[in-house]
Amino acid sequence: MELILDVSRTLDSLSAWAFVAMFALVIMTDAPRYFLGIQSTAAAFIFRDHRPHGQLPPLPLVSILLAGHNEEDAIEKCVRSLRKQTFNQFEIVCVDDGSTDKTFSIMRRLHSEGLVQAIGRLQLRGGKAAALNLAARMAHGEIFIVTDCDCSFEPNAIEELLRPLTQDTSIGACSGNILVRNWRRSITTAIQAIEYLIAISMGRTFSGALDQISCISGAFGAFRRSGWRALGGMDTGGEDFDFTIRLRLAGYKIAFARHAICYTDVPESPFALLRQRSRWERDAYWIRFRKYRLLFNPISHTFSWREAAHQWDFLLFTALPAFVFPFYLAWLFASFGIAQALILLAAVTVALAAFDLASFIAATLVTGRPVYLRLLPLCRFTPCSRPMS
């Protein structure tokens, strides 16, 4: 109670300029993303969901591409989960990316049992992009579905992932919805489960409504063979993110199927999470600010407003706040002293906690998985307002 009174007295003593300056980051970055984007999207899709139902129209052959390195514990579970889908008119193509365990032996057994239609192997590890490109060359389908070997799926996941491609021929690819399977294992996995709900399930619903999806997760996505072939396959480095940008630049629309649910395991320890996110951030910054930096430039011949929107969104709401935050802290402590600065930071934290709580509940409703509401006490520890590239 005393802390609340201290916060109230401190806020009352601030001038209008000081109050705005103190909450500047929240006003400029968090508030627009929460209220203008995420919450409006949640309301629209909760109360007016016009998702088509029923059987899919006739489709050309679909090929599921599985590429993995040392996946002996996961590959068979993934294949058997795929074979339980409501839509099963597909072939499965598996490529072993230079594994040193029994992954390829398991692939050969699955092939002999008829569960897998084609298998291939890279003698030396070439990376996921190289393995997927080999799988694509071996595949016969006109639609490729790419997923990770350690994933499992809702029974209608493939059907829902393909649905947007049957409705609009200009859609070149569709991203599935990724949820965390091992969220009960540790606090680290629980926090990531909340993050996935907000950043992917709800964040990409919003991005999809604005035609601004810039990354189809490599864990679960569908691609037209024509688009894949036109781009010459995947480039090494950046993989899913880079390939999505290339599809967009080639003129293809990218859709998001929030009812196509795939479950994946996430890092269980803080160290493993740090390693994963460091790799993701490195790739994201390199692709956006090095490989596609001209998309920021209005006088470049490659500039288009369609692509500039998601580039500037990343710059203004992700990169810039991360850069400004240390200077914001320095200004706060220099202007108000340590004691008052800590009180003010507590006030900002309370405000963000309210935002996070509303976003998490909305994300759970949008996804239709109320079981995740058990994670409610942890939502304040998650960077909920930040999208995942």
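This is a predicted model: local features need pLDDT of at least 70, side-chain atom pairs count only at pLDDT 80 or more; totals for chains, interfaces and linings use all residues.
**View 1. Helix α4 passes helix α5 in a right-handed crossing.** Residues are numbered from 1 along each chain as its sequence is written, and side-chain values use heavy atoms, with hydrogens and water left out. Helices are DSSP runs of H or I with at least four residues, strands are runs of E with at least two, and both are numbered from the N terminus.

**View 2. Here's how α4 and α5 sit together.** α4 covers residues 75–82, and it packs against α5 at an angle of about 30°, with the axes 10 Å apart. Axes are lines fitted to C-alpha atoms, for helices over the stretch in contact, and angles run from 0 to 180 degrees between N-to-C directions. That makes α4 roughly parallel to α5 (angles under 35 degrees count as roughly parallel, over 145 as roughly antiparallel). Ile75, Glu76, Val79 and Arg80 of α4 meet Ile106, Met107, Arg109 and Leu110 of α5, where contact means heavy atoms within 4.5 Å. Sort the residues of this contact and you get five nonpolar, no polar and three charged. Nonpolar takes in Ala, Val, Leu, Ile, Met, Phe, Trp, Tyr, Cys and Pro; charged is Asp, Glu, Lys and Arg; the others, Gly among them, are polar.

**View 3. An open sheet lines up eight strands.** Read across, the order is β3-β2-β1-β4-β7-β6-β8-β5, and the pairing is mixed. β3 (118–122) and β5 (152–153) are at the edges with a single partner strand each, so one side of each has no neighbour in the sheet. Strands pair if DSSP finds at least two bridges between them. Take β6 (residues 171–180) and β8 (residues 253–264): they pair in the parallel sense over nine bridges. Leu179 has Tyr263 in β8 as its bridge partner.

**View 4. Helices also lie across the strands.** α5 (residues 103–112) lies across β2 (90–97) and β3, running at about 165° to β3. α10 lies across β6, β7 (220–224) and β8, at about 155° to β8.

**View 5. Helix α10 packs with helix α12.** α10 (residues 239–249) and α12 (residues 305–367) pack at about 150°, axes 10 Å apart. That makes α10 roughly antiparallel to α12.

Key: Angles under 35 degrees count as roughly parallel, over 145 as roughly antiparallel, 65 to 115 as roughly perpendicular and the rest as oblique. A crossing is left-handed if the near helix is turned anticlockwise from the far one by less than a right angle, and right-handed if clockwise.
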